[in-house]
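User: I'd like some practice reading features off a model. Can you walk me through it?

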Amino acid sequence: MTSPAPTNRLSRIQLSALHAFGAERTAALQPDLEIIAQALTMLWQAEIPWQANAPDFLTGLEAHR
Amino acid sequence: MTVEENDLTGLTIHQAIAQQRQGEISATDLVQASLARIDAVDAQLGAWVTLDRAGALAAAAERDREAKQGRFKPLHGIPIGVKDIYLTQSLPTAAGFPPLADYQSGVDAAVVERLAQAGATILGKTVTTQFASVDPAKTLNPWNATRTPGGSSSGSAAAVAARMVPAAIGSQTGGSVLRPAAYCGVLGMKSTFGRISLRGVFPLAWSLDHAGIMTRSVEDLGLLLSVLAGHDPNDPGSARAPVDDYAHAATTLASQPRLGILANWQAQTQATAWEHFRAVTRQLREAGAIVHDLEFPGGLPRAVAIHTLIMRVEAAAVHADRFAQQRDAYAPRLRGWIESGQLVSGVDYLRAQQLRRQLRQQTLELFHDIDCLIVPTVSGPAPDRSTTGDASFQAPASLLGLPAVTVPSGFSADGLPLGLQIIAPPFAEARLLSVARFAENVLPPIGAPSL
């Protein structure tokens, strides 16, 4: 699976924020955007086994109800 | 006012019920003692949003009439505070959101219904951060007014610690029960995802939200859980798993519990807090526990990243309509959560859920050779009031839906409470409470804050 490089990920999120909220709000959101970008980087560095694509894939909590 | 001047406020639930059964005290005595304590200390702590003085005294009078007839309920006459995100028929529910200050839902949350049916006296609503999220509320830490009590169940933790009530209800999406409980030096529990109904509770992130309990003894945790646990057909997330005898389990010391330390959390723990935790584990071992070092699959930062993504996206979805209309009424950090959550793609959210499922399977495998996992409840003592503290150490149990308890474990060098977090497999609350009782028995009581 492909994913943007980490440096590009923050830029892409900043661009999305700019479109959604404008420049002033994007600047205010910078710490949140960095948290999201860092989290996404970690998520896309992890490998996912095929078993993770199960019908109850959403949380894994359903099987224990 | 010290606790010694007003002994009734120092009673646990079990003690208060025993004294009522013996005719030594009444439910009215308990409510009056709680109200007097609140009048004495809450102006400085700010734990309560609303008090129902008349309603509480009327309910207590009814319990006293029942007691004279020899009829007692499981939580007979026990004053309890309820976090202000649980709907209450007789009181407003503001959820820390100014536009909802006078919101009257006209219904009780399932938890409130069960408490009332069990004979508890709902004393009032305790302070929550806005929608149980992240911006600090007005409440102070009873041990040190310059520090946060933690959040989001800030008022519940402070009220139990300051002996205003013997128990309070909270909720946890990241660390909102265990962290404030640890910072304030009380016991806290969140059960398995779906074990306690969330009907009538403002959601924050639906796949992470849990009800929670705060008390001053493990026995009281077990008693409250026995009242609150069970299937609710009107909560789509409610579990159907059988309900065990939690009240009994909480009075039963685990014999030689097998405990696994998540040793790779050390890197995220303040050095002195880790030293404290290691000293606690030595005490547990000397008392008969069998303790092993284990590794949390993928490490703590990855779990926190998964949690962060899911929580922000679900919060953005939960609040989409209200946020579109009342954006400026939102507190700044929650607003940041929602807006950043709006920017995460569907593919990214589902990848987080895939990794969550994988992490849950890997974590459950750790329980093959142990009874419970143990870690510090908090990465360090309560910080200053600019934040509600670090949720990293409580978020994994919320992410994985696992039941967890915090037991006060002593103090930091600067005199602030710390906690031992015990985590069990899904629906193993009975085992969890038995291990918590073992820990409570080993660790010296930390007493009450001076106010």
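User: How many residues of chain B are in contact with chain A?

Analyst: The size of an interface is often given as the accessible area lost when the parts come together. Here we count contacts instead, and keep in mind that this is a predicted model. On that count, 32 residues of chain B touch 25 residues of chain A. The elements giving two or more residues to that side of chain B are α10 (300-318), α12 (332-342) and α13 (346-366). Top contributor is α13(B), with eleven residues. Sorted by class, this side of chain B has twelve nonpolar, twelve polar and eight charged residues.

User: Is helix α5 of chain B covered or open, and which residues are buried?

Analyst: Mostly covered: eight of the eight residues in α5(B), residues 154-161, are buried. They run from B:Ser154, B:Gly155 and B:Ser156 through B:Ala157, B:Ala158 and B:Ala159 to B:Val160 and B:Ala161. After the helix comes B:Arg163, with a positive phi near 65 degrees.

User: Is B:Gln256 buried or exposed?

Analyst: Exposed, because B:Gln256 has 11 other C-beta atoms within 10 Å, and 12 or fewer is the cut-off. B:Gln256 lies in the loop between α8 (246-249) and β7 (258-262) of chain B, and its phi is positive, near 45 degrees.

Key
Residues numbered from 1 in each chain as written. Chains lettered and ligands numbered in written order. Predicted model: local features only at pLDDT ≥ 70, side-chain atom pairs only at ≥ 80, totals over all residues. Buried ≥ 20, exposed ≤ 12 C-beta atoms within 10 Å, placed from the backbone. Helix = DSSP H or I, 4+ residues; strand = E, 2+ residues; numbered from the N terminus. Contact = placed C-beta atoms within 7 Å. Nonpolar A, V, L, I, M, F, W, Y, C, P; charged D, E, K, R; others polar.
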